[in-house]
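Thanks for coming. I have one structure to go through today, so please look at the screen.

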Amino acid sequence: MSAPSYDEALVFNSDSMTFKVILLYIELIGLGYIGYLIFGGGFILPYIAILSFCSPAMLIVLAMEKHVSSALNPARIASCIRAVGWPYLLLFGFSFLIDLGLEFAQDQLHFWLPQAIAYPLLFGVLAYFYIVKFSMFGYVAFQYHTELGYGIDAENLLENDDTGVVKRLMAKADVYIQEGRFEDAEDVLYDLANDKAHTVKALERLVRLNIVRRNPVGVVKAANNYYKNPKLAAIGGDALRLYLEIIGFEARFKPTNAGARTVLINHMKHKRYEEDVNKLSAINEKLQTDVNLPWLMLARARFESEVMNNDNSALQMLNKLLSKYPRGGHQKEAEQLRQVCQSMQQKLPSA
């Protein structure tokens, strides 16, 4: 259900929709001309009024059903207007105001400015406000998809592979969130989280959903599961951004495992994170037996040395680390960092 980009629309590479919109307007002009030949000049004004009122519905039907014939079907147009209800009057009103404003802008720009300035300026104004106009139609189709009969599950606009399924389920959860059906959105996301291939994305969405709902218990539950991902290092930047959002809502939150804390500290490359690093480096009883504790201590030492320029604190942490855990995958890196810190301390007095 993604809209085409501006470039795709310009080069007619938008699933033929640009051509279909042009064809729709050509057919409407043709019908108006035929009516003029049959009924005379008195036909034009009522025809334009009806066309203006029905235009949003026609474009919504065309966008969703992809058939010009459907967009010209009076029964389909009437059912679209009836499904949206009285808010359709607001949609028509805003659309009419945009068209009226653009006509006024066109007259004023050509009257007050030279053509060399007026034409490019007018083109920019037209492009912007038509994007606004079509975005309004798209939002109505999205918000009233159930009433209009466009069920997300019934759409075949996405691929049937795993990626398409995930996009569809995420879109379904987003629709539920927009409609305020938070429990239904949670059910979809928890079902998606049960699939190991998509757990991370679903849990991230669950965290943000519960932040919006002001539900700290739900936030902590989803976040703890998110930070237990064994491949968290591969998405460390995203993990840090989510962590900052979480502590903005629930300041007491800390991941319950040393591995996740290590990943977060490794991505904190600025002094403004000092307080957060101190909090994440606090070792409780449960962490004492965590196999990733040496890496957490190493990450803290690296932060002290590289970010805070405090080689004394880094050396204290490294000495404690190598004394308590003399063997392991961390050993080589810890010893190299200790040599660097010692070397910097020796150079400091002469400097």
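How does Asp99 count, buried or exposed, or in between? Asp99 is partly exposed, because its relative accessible area is 28%. For these terms, buried means under 20% relative accessible area, exposed means over 50%, and partly exposed is in between, with a 1.4 Å probe and protein chains only.

Before going on, the ground rules. This is a predicted model, in which local features need pLDDT of at least 70 and side-chain atom pairs count only at pLDDT 80 or more, while totals for chains, interfaces and linings use all residues. Residues are numbered from 1 along each chain as its sequence is written, and side-chain values use heavy atoms, with hydrogens and water left out.

Back to Asp99. Its partner in a salt bridge is Lys133, and the closest N and O atoms are 2.8 Å apart. A salt bridge here is a side-chain nitrogen of Lys or Arg within 4 Å of a carboxyl oxygen of Asp or Glu. The pair connects distant parts of the chain, with Lys133 in helix α7 and Asp99 in helix α6, 34 residues apart. On helix names: helices are DSSP runs of H or I with at least four residues, strands are runs of E with at least two, and numbering starts from the N terminus. Lys133 has 6% relative accessibility, so this residue counts as buried.

Asp99 also brings us to a pocket. Which residues lie nearest the centre of the second largest pocket? They are Tyr25, Leu51, Ser52, Ser55 and Asp99, out of 20 lining residues. The volume of this pocket is about 490 Å³.

The terms need a moment. Everything is done on a 1 Å grid over the protein atoms alone: a cavity is a set of points where a 1.4 Å probe fits but cannot get out, a pocket is an open set with protein on both sides within 12 Å along at least five of seven lines, and lining residues have an atom within 4 Å of a point. Grid points are joined across faces, edges and corners, and a volume is the space filled by probe spheres set on the points.

At least two lining residues of the second largest pocket come from each of α2, α3, α6 (87-112) and α7 (115-143). Helix α3 gives the most, with eight residues. By type, the lining of this pocket has 14 nonpolar, four polar and two charged residues. In this count Ala, Val, Leu, Ile, Met, Phe, Trp, Tyr, Cys and Pro are nonpolar, Asp, Glu, Lys and Arg are charged, and the others, Gly among them, are polar.

The largest cavity holds about 40 Å³ of space. Its lining consists of Ile265, Asn266, Met268, Lys269, Ala299, Arg302, Phe303, Glu306 and Val307. The lining of the largest cavity divides into five nonpolar residues, one polar and three charged.

Now the surface. A nonpolar patch is formed by Leu31, Tyr33, Ile34, Tyr36, Leu37, Ile38, Phe39, Ile44 and Ile48, with about 950 Å² of accessible area together. The elements giving two or more residues to the nonpolar patch are α2 (17-39) and α3 (44-65). Helix α2 gives the most, seven residues. One of the patch residues is Tyr36, which sits in helix α2 and is partly exposed, at 42% relative accessibility.

Helix α2 also holds Glu27, which is partly exposed with a relative accessible area of 31%. Glu27 and Val68 are 41 residues apart in sequence, and 9.2 Å apart in space from C-alpha to C-alpha.

Last, the other salt bridges. The structure holds ten. One of them joins Arg213 and Glu183, with the closest N and O atoms 3.3 Å apart. Another is between Asp238 and Arg241, at 2.3 Å from N to O. Both of these residues lie in helix α13 (residues 236-249), three residues apart, about one turn of the helix. Asp238 is partly exposed, with a relative accessible area of 33%.

Notes. Patches are made of residues with over 30% relative accessible area and no salt bridge: like charges are joined within 9 Å, nonpolar side chains (Val, Leu, Ile, Met, Phe, Trp, Tyr) within 5 Å. Accessible areas come from the Shrake-Rupley method with a 1.4 Å probe; for residues, only the protein chains shown count as cover.
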